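Me: Could you walk me through a few side chains in this one? I'd like the cut-offs spelled out as we go.

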Amino acid sequence: MAREERTARAARTAHRAPAGLPAPGERAFIGSFTRAGGLGVTAASVDRATGALTVTGTSDTVPDPSFLAPGPDGTVLYAVSEADEGAVAAFDVTGPVPRPLGAPAPVGGAGPTHLTYTAGHVVTAHYGSGGVSAVAVRPDGTPGPVTGLLRHHGHGPDPERQTAPHAHQVLPAPGGRHLLTVDLGTDSVRVCALDPATGALAPHGETPLRPGSGPRHLALHPAGGHAYVLAELAPVLTVCRWNARSGTLAPVAEVPVRAEGATGVAYPSAVAVAPDGRYAWAAVRGDDTLTVLALLHEGGEQPVPVAHVPCGGHWPRDVALAPGGRRLYVANERSGDVTWFDIDPDTGIPSRAGAIEVPAATCVIFA
């Protein structure tokens with residue numbers, strides 16, 4: 001399908017969308033690769049009763065906004081530009097169509113793949129150059145200058161994917177004092193601290209994981225004491241204990257996320273944890289499945305795979321839970337859609353409920 005036809009279809013969908021801005025928790029935002037035919041940042045309303053998404057508008061002003069993060073009050077959305085000269089962009093999302101706020105700001109690194117807003121700054125993880133940086137946020141919500149930059153060092157045993165650091169994700173750790181960065185290239189999770197006053201980043205520690213596993217993404221247990229680190233180069237989930245007082249992460253268990261007997265290419269991508277801490281879901285590209293894990297015992301220290309279900313498309317790059325945890329949404333990059341699932345509250349098993357076309361979809365968030 002030509003880009004012009006996709007744009008026209010999105011415009012028609014936007015025209016049919018309900019007028020006015022949905023309430024908090026009833027809006028979804030979807031990132032995509034513009035270089036692969038994506039429409040940039042897509043905004044959608046969320047039907048409270050069914051979970052259905054309806055596109056309200058798109059913005060392709062920023063190249064490859066592959067990951068998105070909301071600002072503190074939900075009126076501003078931040079996006080990475082996953083390019084050689086990485087940048088972060090801000091959008092006003094008080095209306096149905098995302099509206100750019102000023103020009104994208106450089107982040108001091110290449111190929112940023114993830115970002116988070118915290119303590120008046122946007123922090124980005126740079127896959128291409130291997131590191132993280134902080135950008136100050138101005139009072140009007142626009143990104144300002146780089147205030148802190150940490151470059152990672154090291155490598156892993158994979159001669160094709162791990163010759164250098166590749167930071168893939170960064171997010172605030174429980175306790176509010178530290179940030180966790182997952183580095184695929186060095187088989188580790190790094191801990192750093194952000195100074196809210198100056199925006200400086202200071203290294204605090206590093207937790208090595210299984211050599212060659214290529215950790216890509218982590219999610220936190222709602223109780224705050226455990227992190228679940230999903231590897232890309234090996235289909236495993238590593239459970240780590242988090243000590244907020246000392247700012248340390250310690251691996252305690254590893255479980256498979258691929259169905260027994262599965263063959264062929266498999267690259268796990270993203271993991272989500274239920275708000276009540278009973279279940280987790282991991283997406284596996286290649287197999288195109290969602291692995292359901294029951295989180296047993298206090299704090300969820302012993303995940304047990306209980307089911308593997310189709311992801312609803314091809315190459316699931318991201319998974320996200322809607323507020324409340326009743327539904328799971330999957331961004332299927334290569335089939336170009338976002339599929340949503342109803343979650344059985346007793347088993348944690350998702351059942352497909354619907355989908356919309358979103359070319360080259362890369363992430364889904366709610367605000």
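Me: Is Ser 59 buried or exposed?

Reply: Ser 59 has a relative accessible area of 6%, so it is buried (buried means under 20% relative accessible area, exposed over 50%, partly exposed in between, with a 1.4 Å probe and protein chains only). This is a predicted model, in which local features need pLDDT of at least 70 and side-chain atom pairs count only at pLDDT 80 or more, while totals for chains, interfaces and linings use all residues. Residues are numbered from 1 along each chain as its sequence is written, and side-chain values use heavy atoms, with hydrogens and water left out.

Me: Where does Ser 59 lie, and what does it touch?

Reply: Ser 59 lies in strand E3, residues 53-59 (strands, E, are DSSP runs of at least two residues, numbered from the N terminus). Leaving aside residues up to four places away in sequence, Ser 59 touches Leu 39, Gly 40, Val 41, Phe 91, Pro 98 and Pro 100, where contact means heavy atoms within 4.5 Å.

Me: Switching to aromatics, how many aromatic pairs does the structure hold?

Reply: There are five aromatic pairs in the structure (rings of Phe, Tyr and Trp, the last by its six-membered ring, pair if their centres lie within 6.5 Å; planes under 30 degrees apart count as stacked, over 60 as edge-to-face and the rest as tilted). One of them joins Tyr 279 and Trp 281, whose ring centres are 6.5 Å apart with planes at 35 degrees, so this pair is tilted. Both Tyr 279 and Trp 281 are buried.

Me: What about Tyr 329 and Trp 340?

Reply: Tyr 329 and Trp 340 form a tilted pair, 6.2 Å centre to centre with 35 degrees between the planes. The pair links distant parts of the chain, with Tyr 329 in strand E26 (residues 327-332) and Trp 340 in strand E27 (residues 337-343), 11 residues apart. Tyr 329 counts as buried because its relative accessibility is 0%, and Trp 340 is buried at 6%.

Me: Which residues form one aromatic cluster?

Reply: Tyr 329, Trp 340 and Phe 366 form one aromatic cluster.

Me: And how is the confidence?

Reply: The mean pLDDT of the protein is 93, and 93% of its residues reach 70 or more (pLDDT is the predictor's confidence in each residue, from 0 to 100). Over residues 1-20, however, pLDDT stays under 50. Where pLDDT is low, the predicted coordinates should not be read in detail.

Conventions. Helices (H or I, at least four residues) and strands (E, at least two) are DSSP runs, numbered from the N terminus.
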